[in-house]
Amino acid sequence: MENDSPRRIYMDYSAGKPVDPRVTDAMLPFFNSSFGNPSSVHTLGQEAKQALQNSREVVAKLINSETPEAIVFTSGATESNNLAIRGTAGRNKSRGNKILTSSVEHMSVVNPCKLMIRNGFQVIFLPVDKLGVLDLEKLESELDDQTTLVSIVYANPEIGTIEPIKEISKIVHAKKAFLHVDATAACGQVPIDVQDENIDLLTMSSNDMYGPKGVGALYIKPGTTIEPVNQGGGQERGLRSGTENIPGIVGFAKAAEIAKNEMANESQRLTLLRNNLIKGLIEPIPYSYINGHPTQRLPDNVSVRYSFIEGESILLSLDIMGVYASSGSACAAKTLQPSHVLLALGLQPEDAHGSLMATLGRENTQEDVDKLTSIMPDIVKRLRDMSPLTPKELK
Ligand code: PMP
């Protein structure tokens, strides 16, 4: 029997990406044949050690790291963020106990910062403007001699806004604090140069570049003082104990190599699709708005909101039609609270609730964009007809 169900349209790439088949191929030998432990002295162990070193070099190149040794492999962005914040603030507490961060961080930055507050640190969550850009004057005025660490997201995947990292870096370093940048969503989509942008610590994630989940890295600029969060066998220069996940790390490196080669073309293609999608989701529908910055935004990110209705109901309507999107970050979506990132833009909770987020990726085409923009006016109209919040003239 012929399958006449419509083609599935996946537009939730920031929540999860498929692994590139070239990555899977690179990983396979490290599961069954070359399975050694890089700490072993025999040939099989040395093979693994070599693969680890090669991977470190490739990931270092993606961000123009001074040396491969500045890369510490972790289990993903959450662990990298924890190591950066708890490890740097903890190691430098004799110099000061103040940490600055923004109000549009991922929970893997927010929660380690909250832990530091319980440990006696002072943490300031700096405001952003209504487009999601960090308030640089506030950053400058809050930075003092007690501030050892500033942690700012490169680009928040929920609203797409790219922060002015180079300017932030100048302000932070004028006060001799360390700058940690969570580049989970940005790395692999926009070119990042840790030397040119003068970043001290940078979080990266493999799956965000079409590598396997559960692998990431923290770049640590030589000279940055940091201590480990977990104690153990002393792998990764003592900063991340635990037997290295060699298949995962090899896959991450392959994904990083592909991203380096293909980023320019793919980001250009996605930016075009992104702009068309934003336009098509807003222009024909009254009381609809873009979330985040119109131009300083991630190539893959579309985030819009519709007054008087709920993002969750839009998602369910889309799901029935084979379109998979999101109403906020995958983690915030687990709670009924409106996302703290949308609230930080100054939105009222009821406005934040009407948000729809579509993150684009390699499989998406203009045809997908056309499909979504063609069905959205009817979906919004139907939900508004049912909503008690909708003013009479719109019904
Ligand atoms: N930081 C940012 C900006 C993220 O978007 C995410 C989620 N992809 C994370 C950190 C945490 O990533 P993971 O769940 O892979 O550890």
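Some ground rules before the details. Residues are numbered from 1 along each chain as its sequence is written, and side-chain values use heavy atoms, with hydrogens and water left out. Since the model is predicted, local features need pLDDT of at least 70 and side-chain atom pairs count only at pLDDT 80 or more, while totals for chains, interfaces and linings use all residues.

I will start with salt bridges. A salt bridge here is a side-chain nitrogen of Lys or Arg within 4 Å of a carboxyl oxygen of Asp or Glu. By that rule the count is 14. One of them joins E236 to R56, at 2.8 Å from N to O. E236 sits in the loop between β8 (216-220) and α8 (246-282), and R56 in helix α3 (residues 43-62), so the pair links parts of the chain 180 residues apart. Helices (H or I, at least four residues) and strands (E, at least two) are DSSP runs, numbered from the N terminus. Are E236 and R56 buried or exposed? Both are buried. Buried means under 20% relative accessible area, exposed over 50%, and partly exposed in between, with a 1.4 Å probe and protein chains only.

Next, E66 and K221 form a salt bridge, with the closest N and O atoms 2.9 Å apart. E66 is in the loop between α3 and β2 (71-74) and K221 in the loop between β8 and α8, so this pair ties together parts 155 residues apart in sequence. E66 is partly exposed at 35% relative accessibility, whereas K221 is buried at 11%.

A further salt bridge, at 3.0 Å from N to O, is between K166 and D196. K166 belongs to helix α7 (residues 165-174), and D196 to the loop between β6 (178-182) and β7 (201-205). K166 is partly exposed, at 41%, and D196 is partly exposed as well, at 46%. Salt bridges with shared partners also join D20, R22, E262 and R362 into one network.

Now the glycine. G322 lies in the loop between α9 (311-320) and β11 (323-324). With a relative accessible area of 11%, G322 is buried. Which residues does G322 touch, leaving out those up to four places away in sequence? They are R7, R8 and I9, where contact means heavy atoms within 4.5 Å. The C-alpha atoms of G322 and I9 are 6.0 Å apart, although 313 residues separate the two along the chain.
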